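The sequence and the structure are shown first.

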Amino acid sequence: MSSTERDVDHALAYPEPPASPLWHRHGAQAWPLTDAEKKRNRELLVLAQHTPRPRSPRTTKPLAEAS
């Protein structure tokens with residue numbers, strides 16, 4: 001056996017499988033949003049941007065002493 005036959009990675013000898021059809025975006029298009037859905041999304045976005053996130057109160061005591 002020659003060195004080239006011995007050093008060949010046999011996993012590379014097979015053709016690459018075809019790409020998944022899920023990777024292609026040529027299929028169905030998304031439905032356009034209705035005016036009501038657009039309005040609701042805008043309201044939720046404004047609410048999310050201007051509402052402060054709730055914060056849990058921090059205790060100064062270590063967990064072992066808190067009980």
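This is a predicted model: local features need pLDDT of at least 70, side-chain atom pairs count only at pLDDT 80 or more; totals for chains, interfaces and linings use all residues.

The protein contains 3 helices and 0 strands. Followed along the sequence, its elements give the pattern α-α-α. The mean pLDDT of the protein is 75, and 64% of its residues reach 70 or more. Among the elements, helix α1, residues 3-6, has the lowest confidence, with a mean of 56. The highest confidence belongs to α2, with a mean of 93.

Of the 67 residues of the protein, 0% count as buried. The accessible surface amounts to about 7600 Å², and carbon and sulfur atoms account for 59% of that surface.

Which side chains meet in a salt bridge? They are those of glutamate 43 and lysine 39, with a distance of 3.7 Å from N to O. The pair qualifies because the cut-off requires the side-chain nitrogen to lie within 4 Å of a carboxyl oxygen. By this rule the count comes to 1 salt bridge.

Where do the two partners lie? Both glutamate 43 and lysine 39 belong to helix α2, which covers residues 35-50. They are 4 residues apart, about one turn of the helix. Helix α2 is also the element in which confidence is highest.

Glutamate 43 has a relative accessibility of 42% and so counts as partly exposed. Lysine 39, at 48% relative accessibility, likewise counts as partly exposed, because this class lies between the limits of 20% and 50%.

Terms used. Residues are numbered from 1 along each chain as its sequence is written. Side-chain values use heavy atoms; hydrogens and water are left out. Helices (H or I, at least four residues) and strands (E, at least two) are DSSP runs, numbered from the N terminus. Buried means under 20% relative accessible area, exposed over 50%, partly exposed in between (1.4 Å probe, protein chains only). Accessible areas come from the Shrake-Rupley method with a 1.4 Å probe; for residues, only the protein chains shown count as cover. pLDDT is the predictor's confidence in each residue, from 0 to 100.
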